[in-house]
Amino acid sequence: MRFVLMLETVLVVLFRALLGFAFLVLIGAVLLQVAGRFGGNSPVWTEEMSRFALLYLAALGAGLSLRSGELVNVDVITESLPERASWVLRLVSAVAVAVLGFYLLPMAWKFTAIGAFQTSPALGVTMSFVHFSMFLLLALLGFFALLRVVGMLAGTTDGRPHRLTDESEG
């Protein structure tokens with residue numbers, strides 16, 4: 001279990017850094033586009049770059065949001081039930097997210113492979129780079145949901161999301 005916790009910590013740090021980088025790319029592209037409009041000549045590739053950065057923001061942020069509890073979660077029913085029933089529903093939910101995420105991975109990979117035959121018009125990058133964001137989104141959702149399932153079954157977590165404030169205190 002110690003290996004799993006260390007792997008989770010390393011991946012959280014890595015994907016937070018990548019998320020920050022995607023956000024910086026988005027900010028840079030939009031600022032360049034706005035500044036270019038004031039100068040009368042906005043680079044054409046900035047719109048495409050901002051769209052791609054936004055896709056990666058969503059892809060990288062989905063799994064981290066699931067882990068931290070920032071992803072949309074309707075827990076009115078589960079939290080009003082007795083603790084054991086609430087735990088079971090959280091487990092079922094985590095299993096369902098993990099199964100769905102991993103089930104869709106092969107189809108997302110086919111979608112990624114289709115992009116190898118296309119390039120983006122303005123940037124000229126292969127669209128498989130862009131399509132990979134969907135694969136990454138599903139993989140991260142599945143991975144963090146699976147970690148929640150493993151933690152719940154091992155008794156190291158109750159299945160509630162890790163709050164960002166809890167991480168900074170520990």
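**Entry 1: Tyr 56**

I looked up Tyr 56 and found a relative accessibility of 11%, so Tyr 56 counts as buried (under 20% relative accessible area is buried, over 50% exposed and anything in between partly exposed, with a 1.4 Å probe and protein chains only). I note that the model is a predicted one, in which local features need pLDDT of at least 70 and side-chain atom pairs count only at pLDDT 80 or more, while totals for chains, interfaces and linings use all residues. Residues are numbered from 1 along each chain as its sequence is written, and side-chain values use heavy atoms, with hydrogens and water left out.

I placed Tyr 56 in helix H2, residues 45–68 (helices are DSSP runs of H or I with at least four residues, strands are runs of E with at least two, and both are numbered from the N terminus). I then listed the contacts of Tyr 56, leaving aside neighbours within four places in sequence: Ala 22, Gly 61, Phe 129, Phe 132, Ser 133 and Leu 136 (contact means heavy atoms within 4.5 Å). From Tyr 56 to Gly 142 I read 17 Å, C-alpha to C-alpha, across 86 residues of sequence.

**Entry 2: two serines**

I found Ser 50 in helix H2 as well. Ser 50 counts as buried because its relative accessibility is 12%. Not counting residues up to four places away in sequence, Ser 50 touches Leu 26, Ala 29 and Val 30.

I located Ser 42 in the loop between H1 and H2. With a relative accessible area of 24%, Ser 42 is partly exposed. Under the exclusion of residues up to four places away, I recorded Gln 33, Gly 36 and Arg 37 as the residues that Ser 42 touches. The C-alpha atoms of Ser 42 and Gly 142 are separated by 39 Å, and the two residues are 100 apart along the chain.

**Entry 3: helix packing**

I looked up H1 (residues 2–39) against H5 (residues 127–154): the axes come within 12 Å and cross at roughly 145° (axes are lines fitted to C-alpha atoms, for helices over the stretch in contact, and angles run from 0 to 180 degrees between N-to-C directions). The crossing of H1 and H5 is left-handed (the near helix is turned anticlockwise from the far one by less than a right angle; clockwise would be right-handed). I listed Val 4, Leu 7, Glu 8, Leu 11, Val 12 and Phe 15 on H1, and Leu 136, Leu 140, Phe 143, Phe 144 and Leu 147 on H5. By class, the residues of this contact are 10 nonpolar, no polar and one charged (Ala, Val, Leu, Ile, Met, Phe, Trp, Tyr, Cys and Pro are nonpolar, Asp, Glu, Lys and Arg charged, and the others, Gly among them, polar).

I then turned to H4 (residues 83–114), whose axis comes within 8 Å of that of H5 and crosses at roughly 155°. H4 and H5 are therefore roughly antiparallel (over 145 degrees; under 35 is roughly parallel, 65 to 115 roughly perpendicular and the rest oblique). I recorded this crossing as left-handed, and its contact has 24 nonpolar, five polar and two charged residues.

**Entry 4: aromatic pairs**

I found four aromatic pairs in the structure (ring centres of Phe, Tyr and Trp, the last by its six-membered ring, within 6.5 Å; planes under 30 degrees apart are stacked, over 60 edge-to-face and the rest tilted). Phe 143 and Phe 144 form an edge-to-face pair, at 5.2 Å centre to centre and 70° between the planes. Both Phe 143 and Phe 144 are buried. I also noted a cluster of Trp 109, Phe 132 and Phe 135, linked by ring pairs.

**Entry 5: the chain**

I counted six helices and zero strands. Buried residues make up 37% of the 170 residues.
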